[in-house]
Amino acid sequence: MKIAILPGDGIGPEIVDQAVNVLNVLGLKFEMETAAVGGAGYAAHGHPLPEATLKLAKEADAILFGAVGDFQYDSLERSLRPEQAILGLRKHLQLFANFRPAILYPELTGASTLKPEVVSGLDILIIRELNGDIYFGSPRGMREAPDGPFKGSREGFDTMRYSEPEIRRIAHVAFQAARKRDRRLTSVDKANVLETFQFWRDIMIDVHKEYPDVELDHMYVDNAAMQLVRAPKKFDVLVTGNMFGDILSDAAAMLTGSIGMLPSASLDANNKGLYEPSHGSAPDIAGKGIANPLATILSAAMMLRFTFNLGSEADRIETAVKKVLAQGLRTADIFEAGTTKVGTAEMGAAVVRALA
Ligand code: NAD
């Protein structure tokens, strides 16, 4: 069980340390190797995804990833910016299926900005296609507008596209995930305006024929955004494209109180995966020892479940996290009156203790 540890930038190293401590206390034999990525990769080797890091990621069974990004690198040309590392890993490793569960722990109901009756008991799963869509489509760039009312002016342009096999493979992943839950799948698209997403909807309907036991419905992305904050518990599993999923999953993150609570998994066709918290490198709090490590610890639990098929060990970690929350321990992002504020390392140590 070889794990590539890629802590990255900002709070990345602080939170990944805690997840590694948790993995080490389970009594399992992991081979772990650490490499620089993102801004740290650029600083050490002149590239956000250094060759040695990519090689390690390819050889490993799973990748535990912190976060990348730092404003000091914002002036670099785009291909050298830290965020290119995560896009590169997704592309090189064909990590096309992103799982983002949004679960509200009962102890954190008060940390959500939504009313308790709207969010209490929330347990939904967003599945986002990660390799296609407008983020990767070509042609793209800046040019002189070739037509339209602003012909001849400078314009920026990107290309939204999805091929049939890309939609089919994410559809199968989503239907299979729904089968393991409440058997309800909502496909989010913009079929009323975009050809790409009319095609997406047609393929979803076709793949559904193989999963008659799963209920499928379709929702336009603007309505989905509204329903996520109006009545999020109505959803079970949502599946959508790369850009819509990017936006909706961050909105779903806040339903749970803090983005610091949300794990994620990005899988290839063989369940090799990259596991990371849903948040970024949080440069505003980096180095202060106050970041919430729970999203990263819960991402490590997802790694055990999805890549290593160690469901009961994953359950153990999730139970330990619940226990620590029930003890009233809170990092600053989820702190409320009447609870005990702790730092990153203390929170990690408390999970380790709960596991022991
Ligand atoms: P962010 O997620 O880093 O931070 C947003 C807010 O949430 C900040 O106030 C931050 O302090 C807080 N926050 C995030 N994680 C937290 C945690 N674990 N505990 C407590 N509070 C937490 O998003 P941003 O500020 O938009 O971006 C910062 C950098 O991260 C940018 O360079 C961006 O490109 C990068 N980024 C990287 C990834 C990734 O590595 N996958 C994802 C998103 C953003």
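Mentor: Buried means under 20% relative accessible area, exposed means over 50%, and partly exposed is in between, with a 1.4 Å probe and protein chains only. Helices (H or I, at least four residues) and strands (E, at least two) are DSSP runs, numbered from the N terminus. The model is predicted, so local features need pLDDT of at least 70 and side-chain atom pairs count only at pLDDT 80 or more, while totals for chains, interfaces and linings use all residues. Residues are numbered from 1 along each chain as its sequence is written, and side-chain values use heavy atoms, with hydrogens and water left out.

Trainee: Good. Which residues of H6 are buried?

Mentor: In H6, the buried ones are Glu166, Ile167, Ile170, Ala171, Val173, Ala174, Phe175, Ala177 and Ala178.

Trainee: And what covers them?

Mentor: The cover over the buried residues of H6 includes E4, E5, E8, H7, E9 and E10. Contact here means heavy atoms within 4.5 Å.

Trainee: How far apart are the end C-alpha atoms of H6?

Mentor: They are 22 Å apart, which agrees with the 22 Å that its 16 residues should span at 1.5 Å a residue. The expected span is 1.5 Å times one less than the number of residues.

Trainee: Now the sheet. What is the order of its strands?

Mentor: Ten strands form an open sheet, in the order E2-E1-E3-E12-E11-E4-E5-E10-E8-E9, and the pairing is mixed. Two strands pair if DSSP finds at least two bridges between them. At the edges are E2 (31-34) and E9 (215-220), each of which pairs on one side only. On average, neighbouring strands of this sheet are turned by 20 degrees against each other, direction ignored.

Trainee: And where does H6 sit on that?

Mentor: H6 (residues 164-179) packs on the sheet and touches E4, E5, E8, E9 and E10, and its direction makes about 165 degrees with that of E5. Axes are lines fitted to C-alpha atoms, for helices over the stretch in contact, and angles run from 0 to 180 degrees between N-to-C directions. H7 (residues 195-208) lies across E5, E8, E9 and E10, at about 170 degrees to E9.

Trainee: Let's zoom in on E11. Is it buried or exposed?

Mentor: Five of the five residues of E11 (residues 263-267) are buried, so the strand is largely enclosed by the rest of the structure. Pro263, Ala265 and Leu267 point one way, while Ser264 and Ser266 point the other way.

Trainee: How many bridges does E11 make with E12?

Mentor: Five bridges, in the antiparallel sense, pair E11 with E12 (residues 273-277). Leu267 has Gly273 as its bridge partner in E12. The hairpin of these two strands has five residues between them, and there Asn271 takes a positive phi near 70 degrees. E4 also runs antiparallel to E11, joined by three bridges, and Ala97 has Leu267 as its partner.

Trainee: Switching to helices: at what angle do H1 and H12 pack?

Mentor: H1 (residues 12-24) and H12 (residues 344-355) pack at about 10 degrees, with their axes 9 Å apart. They are therefore roughly parallel to each other. Angles under 35 degrees count as roughly parallel, over 145 as roughly antiparallel, 65 to 115 as roughly perpendicular and the rest as oblique.

Trainee: What about H8 and H9?

Mentor: H8 (residues 221-230) and H9 (residues 242-255) also pack at about 10 degrees, with their axes 10 Å apart. Val221, Ala224, Ala225, Leu228 and Val229 of H8 meet Phe244, Leu248 and Leu255 of H9.

Trainee: One loop before I go. Where does Thr109 lie?

Mentor: Thr109 lies in the loop between E4 (97-103) and H5 (116-119). Thr109 is buried, at a relative accessible area of 14%. A polar atom of its side chain is 2.8 Å from the backbone oxygen of Pro106. Leaving aside neighbours within four places in sequence, Thr109 is in contact with Leu104, Pro116 and Ser120.

Trainee: And His92, is that buried or partly exposed?

Mentor: His92 counts as partly exposed, at 47% relative accessibility. His92 belongs to H4 (residues 83-92) and touches Leu49, Leu54 and Lys58, not counting residues up to four places away in sequence.

Definitions and conventions:
Polar contact = N/O pair within 3.5 Å; in protein donor to acceptor, adjacent residues only side chain to side chain.
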